Amino acid sequence: MRLTVDGTTHEVDVEDDMPLLWVLRDEIGIKGVKYGCGIAQCGACTVHVDGVAVRSCQTWAIDAVGAEVTTINGLGTPEAMHAVQAAWAEHQVAQCGYCQSGQIMQAASMLAQIPNPTDEEIDAEMSGNLCRCGTYPQIRAAIVTAAAKLREA
Amino acid sequence: MGRGKTIARRAFLIGSAAVVGGVAFGAYLVKRPLENPLLADLAEGEAALTEYVRITADGVTLITPRADKGQGAYQVQAMLIAEELDIDLDQVTMEPGPPAAAYYNTALSEEAPGFMPTDDGFGANSMRSIMQAAMKVMGVQITGGSTTTADAWEKLRVAGAVARETLKAAAARETGVAVAQMTTARGAVILPDGTKIPYVDLAETAADIQPVEDVTLKDPSAWRYIGKPVQRFDIAAKSTGTQDYGIDFELDGMLHATVVTNPRKGGACWWINGDEALAMRGVQAVVPVTGGFGVIADNTWRAFQAAKVVTAGWSKAPYAAEQADHWAALEAAFSKDGQDSQYRDDGDIEAALAAGDVVQAEYRAPYLAHAPLEPINATVRVAADRVDVWTGTQVPRFVQAEVAKITGHDADNVHVHVLVMGGSFGHRLELDVCKQAAEIALTVPNTPIKLTYSREEDMAQDYTRQIAMARMRGTVKDGQVESLDLGIAMPSVVASQMGRLGLSVPGPDAQIVAGAWEQPFGIPNYRVTGYRAEELAPISSWRSVGASTNGFFHDCALDEVIHAAGADPMAERIRLMWDDASRAVLEAVAELSGWDGPSMGPDRGRGVGFCMSFGVPCAEVVEVTNTEAGIKIDKVYVVSNVGQVVDPETLARQMSGGALWGLGHAISSEITHFDGMTEQVNFDGFEAMRLYQAPQVETRALELGDHVRGMGEPAVPPAAAALANAIFAATGTRLREMPFRNHFKFV
Ligand code: FES
Ligand code: FES
């Protein structure tokens, strides 16, 4: 099957029901996408499919054929960060950092749809993303910063 | 000041060694008679250098030997070196973990028991207690934790200073300018005429001369890094998905594997049938590992899928199969026979209890999983002459020894490469995954095998936090606390953990009463007794170890007696406190939170929790509202005394992260057993704090005394207590067992 990931097309030969997560990680080699639970409970595997956040552990690769898949590695780079990534760096959100790819992808998707989210909207959109290190207060602050930056742009 | 001199001579030697193209500076260890037995690999008189600074023509590298589980330990270690070396962090390369090019071989990891003070305490401290236990077994006395800590805080700075002064001496030799006329800044020696000689240009000369050991550490007023907020060097990578963790490690020709072992932890595997799995796409082999099987495939998911269809015969659990029996074992431990320690017995507790109205209660705390978000993993390659292990571990030295036993190589030929960890909380003190990866890799020589646990396996096989129970009694007199008697029962974490290393530890286990017996309260009649329950399900050090349960027990027990006395929870704790730093911590949290009593109006309340653990007094105030929908945590205040703040950002995160960790588990989490198996094997069953529950946390660190202490653990123990006490203030209901959500809904 043919997948478009971060603007590049990849031809992969995998089972139809292989989760997108494992195609990205083990077949294409995009390691920014993380495995945390495999059952849509932690959000570490979050990517965008046509701009919308999905749990890649619960998305069959075949269902992403014909769509634009964006991973944390395609959202921005250390040299050219996306506004959400820049806010994450500014607030030094990460502790171990393992959950943060998913947090950032979820936040970027939310802000694309809700440019000025209320606290309640942030709660609702972000509570599926688990952080074992307890960076939630910093995540909330970074979202507010990113939202303001994105609204200016 | 001359402080550096004394330090360098008293505690350790800092030296240098020539390396390819340059020079390395670090702590010099010389094997002498009766020296630390952990230097056993070194022959008498032989020396080894643990490098901290390496300078070659290619650049300056700072080596940060203490593992980083996400708490910023690398950053803190680098700051200490850079402070004295006079170099900026944007000019250096960081090399985490024990160096891979081990030119002094195994000696490089010999420092295991000496921990970075600012290392996240929970790894360091639990290891410290394990190492102390190991030393005890071997009949060796070692220095207590606090001196080790102080030495390490000085050691990295001295290493930086020795490097700086030696580079100046090298510059003097090259230019003829007197050392006294030189200064250093931004990685260069500066001559009186303003000429800058970069350190890298001096490396070869520096390697050639005697290192300058008479160094003076900078006066704190001259510090540029220590105590100042800086941008963590890994923050860009961790904000862009470009930080690689152990699970991301990859080598050419690597195969993927997973394992399943007897879900009754430690039980045997009688037989396996992998026929169906072997017919699946990409599956290469199904092989036995200790207690279960491994599947080798060309992709992680394929290995996971295949593992689900392998059938196996499992033995019974080597411990009580049902959760109720675990609790019964704890209840049974409250007896003369079960008594393990009584480190505190002040006044006449029996007389005091006989004289007054007795407040009494029983408390419980459940098993908990570590569950760092990155599942356990290790990559191993076995070749004829060497073995390589790439993994996120807190105990590289043990990994080396255990893997060597499995593969039959000399330990010297087992090379452990420590990779970045996606959390640990004590989980990566265990090394089953490395042993299993070695067992699997041994069946396919020269092929790197990356073993990844499924989340289910990670949680089902976790050696959890201990379960524990406490029974308290207390009396009051004239509106004050008159007596407190606390008995705590749990299985021994140290015995369980050491047992897996084949060692037994005689004597009491201090963890059974840690976070309780050593609390600095001057209660007239005050007794803390530890009871050792039989060994149940295997357990391990979980962020703050014994104090994780005992901080809750002790502080809530005290809160009950204070309430009975009719005293203010904050004022009475402060009145009882005899330790100045601890009192200052309580006074500061009262001030920060604007404490004016436990009541905050209708359905609102606040509670204070205090616990001294790992030498750090920490007090927290939690504010809650009892809403229509459930309990809402509004705000949390955390104050502790760490002696010296190295990196304020990192410290604040450990304080807030530690408090949220303690609160989240107190609200939602437990691990229970059914038919010998863990009932919660993923985040649907083992729930954790989510963003919507997380309050804002305000932190303040005090700098009293001169010990530098780590903050990875001490914010955990007071959190559950502060929350329970706050809920009591808001609702009148005492919560005496975790998780609290069994009694209240939380929003
Ligand atoms: S790995 Fe997909 S939600 Fe956890
Ligand atoms: S930063 Fe470690 S899990 Fe979120």
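Lys635(B) is found in strand E25 (residues 631-641) of chain B, where helices (H or I, at least four residues) and strands (E, at least two) are DSSP runs numbered from the N terminus. The structure is a predicted model, in which local features need pLDDT of at least 70 and side-chain atom pairs count only at pLDDT 80 or more, while totals for chains, interfaces and linings use all residues. Residues are numbered from 1 along each chain as its sequence is written, and chains are lettered from A and ligands numbered from 1 in the order in which they are written.

**Around Lys635(B)**

- Lys635(B) is partly exposed, because 14 other C-beta atoms lie within 10 Å; a residue is buried if 20 or more other C-beta atoms lie within 10 Å of its own, exposed if 12 or fewer, and partly exposed in between, with C-beta atoms placed from the backbone.
- Leaving aside residues up to four places away in sequence, Lys635(B) touches Glu623(B), Pro695(B) and Gln696(B), and two residues are in contact if their C-beta atoms, placed from the backbone, lie within 7 Å.
- Lys635(B) and Ala694(B) are separated by 59 residues in sequence, and their C-alpha atoms are 8.8 Å apart in space.

**Domains**

- Chain B is divided into domain 1 (3-226), domain 2 (251-320), domain 3 (334-368 + 464-742) and domain 4 (376-452), with bounds that come from an automatic or database domain assignment.
- Between domain 3 of chain B and domain 4 of chain B the C-alpha centres lie 36 Å apart, and the contact takes 5 residues from domain 3 of chain B and 5 residues from domain 4 of chain B.
- The side of domain 3 of chain B that touches domain 4 of chain B has 2 nonpolar, 2 polar and 1 charged residues; here Ala, Val, Leu, Ile, Met, Phe, Trp, Tyr, Cys and Pro count as nonpolar, Asp, Glu, Lys and Arg as charged, and the others, Gly among them, as polar.
- In chain A the assignment gives domain 1 (2-75) and domain 2 (83-152), whose C-alpha centres lie 20 Å apart, and their contact takes 15 residues from domain 1 of chain A and 14 residues from domain 2 of chain A.
- On the side of domain 1 of chain A that touches domain 2 of chain A, at least two residues each come from strand E3 (46-49), strand E4 (52-55) and helix H2 (72-75) of chain A, and E3(A) gives the largest share, 3 residues.

**Where the chains meet**

- In the contact between the chains, 50 residues of chain B meet 47 residues of chain A.
- On the side of chain B that touches chain A, two or more residues are given by each of helix H6 (235-239), helix H8 (300-309), helix H18 (648-668) and strand E28 (696-702) of chain B, and the largest share, 6 residues, comes from H18(B).
- The residues on that side of chain B divide into 20 nonpolar, 18 polar and 12 charged.

**A sheet and a helix across it**

- An open sheet of 3 strands in chain B has the order E6-E7-E8 with antiparallel pairing, where two strands pair if DSSP finds at least two bridges between them.
- The edge strands, each pairing on one side only, are strand E6 (183-185) and strand E8 (196-198) of chain B.
- E6(B) pairs with strand E7 (residues 188-190) of chain B over 3 bridges in the antiparallel sense, and Thr183(B) has Ile190(B) as its bridge partner in E7(B).
- Helix H5 (residues 199-208) of chain B lies across E7 and E8 of chain B and runs at about 65 degrees to E8(B); axes are lines fitted to C-alpha atoms, for helices over the stretch in contact, and angles run from 0 to 180 degrees between N-to-C directions.

**Backbone features**

- Most residues other than glycine have a negative phi, and most peptide bonds are trans.
- Asp50(A), in the loop between E3 and E4 of chain A, has a positive phi near 50 degrees, and this residue is exposed, with 11 other C-beta atoms within 10 Å.
- Asn446(B) has a positive phi of about 70 degrees although it is not a glycine, and Asn446(B) lies in the loop between helix H12 (432-441) and strand E19 (449-452) of chain B.
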